[in-house]
Amino acid sequence: MTRHRPDIGAAALLLFGATAGVHAQQVSVDDAAQAYRQIQIDVSYAPSDAIAGFQVWYSSEAFETTRDAELHSTVSVADTTDLERVPGDAVFERCWSDGLPIHRDAAGNPVVSTAATEWSCALTGMTPGAGQWIAVVPVDAEGAPLVDPERLQPVVGRTDVPDERTPPPDTRPVLYALGMVALSAIVLLSFLRWQDVGRGRAKSRLAHIYVAPALIALATLTFYPILYGMWLAFTNADQSRLGDEAWIGLANFATVFASSGLWRVTLFTFVWAVSNVFAHVFLGLVLAVVLNRRGLRGRTVYRTILLLPWAIPGYISVLAWNGMLQPDGLVNAFLGTAIDFFAGANSARSVVILVNIWLGVPFMMMVLSGALQALPSNMYEAAKIDGVSRWDQFRYLTFPNLKGTLVPVSLLSFIWTFNTFNTIYLLTRGNPYVGFGEPGATDTLITYVFAVAFEYGRYGVAAAWSVLIFLMLVGFSWLYLKRTRAMEAAA
Amino acid sequence: MEHKATVAYVFHIGPGGRLACGLAAVRVALRATVLLAALLFASPPGRGADGEAAMLEVWHTFGTNSEDERIFMGAVEAFEAAHPEIAVEPVRIPYLQNLQQFINSSQGGEAPDVVRLSDTELGRIGHISVEGLPLLEDLRPHLTPVQRARFEPRALNAMRYGGALYAIPVSQGTLALLYNKALFDAAGVGYPRDDWTTDDLIAAAKALTGDDVLGIALPIRWSYWFIPFLTGFGATLFDADANPTLDSPGSARALEWYLDLERVHGIAASSTGIETMSTQFQLSRAAMVLDGSWNWNAYVAAGLDLGLAIMPIVADTGNRMGPMLSVFGWSVSKQSASKVEAVKLAQWLSSYDVQKEFAIETYMIPTDLALARDPDIAANSTLNGYLRQTEFGAEVPTTRATYMVFEQLDTALELTSTGQMDARSALEAADEEMERILRQ
């Protein structure tokens, strides 16, 4: 164990005088019992009434006097009848007497019985890889040394036991998986290129190479995490077991479906997303139409003002709203009330929805405003000549022509809002609580998944929730597109 | 060989002019694959060979340009001057992200050498392991008994998880009763005294409550503020074996009494949150507040003439209210390549002098026992008051359950303060939920 033995002997015999006579004490270093930063010493001595305890002194250099050393610890000598021997795992440092864990006083300090003739301690705090000089000094009841403190004979010990260090995480499976994903993308592109070339599509012969970087980036940065997340959903991965997870089949999905509050949080998520998208589209369209009116003065000023919520970083806006909606915030000051908007479940839900509407309207307004400007003006001129009213112009000309923009934008808006995290997290953190072990009143699926993953540390269960969200959004998108195409066809 | 075969393949299937393009495409693809493989399979850079200066990364959560950060950076500079063989790179992490970021970086094998964590956070990560080893180094082998004995035993115990010592305690925090002397004087009410009972507290708060002033600013729905009342009524959060006892005798009575501060006596408001509590007190819209030393400087800066008293005795039980002790310490990562040096830094940052500077400048309550006898600390009535309050602090075991107890208690407070459940049922349900989670 000890590779480099110190020059000085590892045992010291000390003769010391006391009122009761002359006694012998032997201190030795137990090389076989060294541990990281610990050197074990064995002390044997002739019992004496004069000895009230022992002081252990140490230094990384040779010393003869306690002035040149540092006090390490003390071991008391006393009646141990009422004291307990405390096992090694529960104490700060391990000591033994009579071959058993040493007795401890109320403060946890080691005590040997008056009849004992030996004790051992694993001395902590030793510098590894260097000699440590250790002296044991018997003391009387007043703490005065029973040996000449100027003529100490320390023993030398040394520990070379290395520290236990966490090995670097085994990233090979991840790297192999990423490599395979990238390779698959390359093979796929090569195959497509071979097919195109074979079919005589000469123009496309370089297209696959141009596409390759984007496809590989997508495959490694998007597809791989999605697939990994899906795989996690079938494992028992959690914070204490990440990287060492095992396949558990559908157990996580069973946990999700057995969760109290599942249907409530799902319903609120849809209410949240639908009400937000409806308001974004409706208000965005109204504002876009108003701002698009001919002859409107100060159009740029209005647009700039209306764009502000979108121009300011979202988290700053949300934190500002959080402050303004407090009982002593600006909104209550303005109303002359002290309402706690975040206290009740329904008021908190209303508030988070309203704030998110405020945040999302400018984007929709800008998109629809652009689409409106692209509509041909002669269409409206012809309608005007034909005496079509403004409402009918909007109903039969503007709205149908905006559909091509409205459908994808509202679908995107739905997906974004469904997955919105910041607004709720920064406003309410999902609170107020409505039940034990349930999502909070303002939790949506996304904020609850965050809590499951990072507050409860249940990665597998959170992944199962995420798969469920993914399927919901895929299902909704498919239905939405199918429905809107059907409407377009009917139109 | 493969290269030639591919060239031949392209040559045969395509018209003659495609040869050059085919070659280029294959070369690009091969190079990209080799480069990608090289990037993916390259081993991470080492931390430096033996004999080089040790480089320590230390994460802290002190605010940018705050007094805390100034003192911390000064301590780091002094450490580097005293240990030229060790270089330190301090990294500021937002407080709310610190723990999660530490977990993530540990799981990715990139943990900092030293990090500042609280006892609650230790309870949160104590059971987490990477490659079968805990995230933090057990500091027991690193400290001598004399070095360890410097610290307040309860603070030291708060840094233990499952027997291991995961941090060197550097500061402790607790709530105490702060009061606005001007409001007391204006109402002709005597200042709080150490022998005050809860009856005295209610009587004074009633006398002080007016149209624009609350008797006491108390975030009623936050369990951290409820715990002193809970312990004052003889209830406990955990039994001797650290099992949750949220429905222990006295807890329901404590909760009813606590909610009555608003419902019956009208001296507190359940709409008060943590931030509004501080604002109300700063703006003299609350005469008293239960708060920690961390807000003392803000109150002084607001021009308040402040007083401090230890928490009163519960009249019904004769027990003094015992706020929860929260302790911060410096931990060393299990992944650190320089543990001996990292422990030296942790010891330096929790040394007598550094703790003293933090205490004097920022009212951070020290854990070094000798500092309680330091003349500068003893002469400081605020520090002295908080140190006296810590003597009555409720010691809570540092376990996984401790971290989770707050959410269950918060839920119980929410459901009872809004009248959705009665106190007994809510606390029983909270206890059941705790046991259910711990069984998972």
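Here is a short chat about a predicted model and what lies inside it.

Biologist: Hi! Which residues touch the most other members of the largest nonpolar core?
Modeller: Those are B:Ile216 and B:Leu345, in a core of 128 residues.

Biologist: And which helix gives the most to this core?
Modeller: Helix α18 of chain B, residues 400–417, which gives 8 residues.

Biologist: Where does this core lie, and why do we say so?
Modeller: It lies between domain 1 (54–172 + 326–391) and domain 2 (176–324 + 399–439) of chain B, because both domains give residues to it.

Biologist: Back to B:Leu345, what is it in contact with, leaving aside neighbours within four places in sequence?
Modeller: B:Leu345 is in contact with B:Leu56, B:Val58, B:Phe79, B:Val88 and B:Val114. Apart from this core lies another one, of 52 residues, with A:Leu232, A:Val409, A:Ala453 and A:Val461 among them.

Biologist: Let's switch to chain A. How is it divided into domains?
Modeller: Domain 1 covers 11–157, domain 2 covers 172–232 and domain 3 covers 251–490. The centres of domain 1 and domain 2 of chain A, taken over C-alpha atoms, are separated by 69 Å.

Biologist: What about helix α1 of chain A, what span should it have?
Modeller: Helix α1 of chain A has 27 residues (172–198), so at 1.5 Å a residue it should span 39 Å. Its end C-alpha atoms are 38 Å apart, which agrees.

Biologist: Which residues in that helix are buried?
Modeller: In α1(A), the buried ones include A:Ala182, A:Ala185, A:Arg193 and A:Val197.

Biologist: And what happens just after α1(A)?
Modeller: There A:Gly200 takes a positive phi of about 80°.

Terms used
Residues numbered from 1 in each chain as written. Chains lettered and ligands numbered in written order. Predicted model: local features only at pLDDT ≥ 70, side-chain atom pairs only at ≥ 80, totals over all residues. Core = buried A, V, L, I, M, F, W, Y, C linked by C-beta atoms within 7 Å. Buried ≥ 20, exposed ≤ 12 C-beta atoms within 10 Å, placed from the backbone. Helix = DSSP H or I, 4+ residues; strand = E, 2+ residues; numbered from the N terminus. Domains from an automatic or database assignment. Contact = placed C-beta atoms within 7 Å. Expected span 1.5 Å × (residues − 1).
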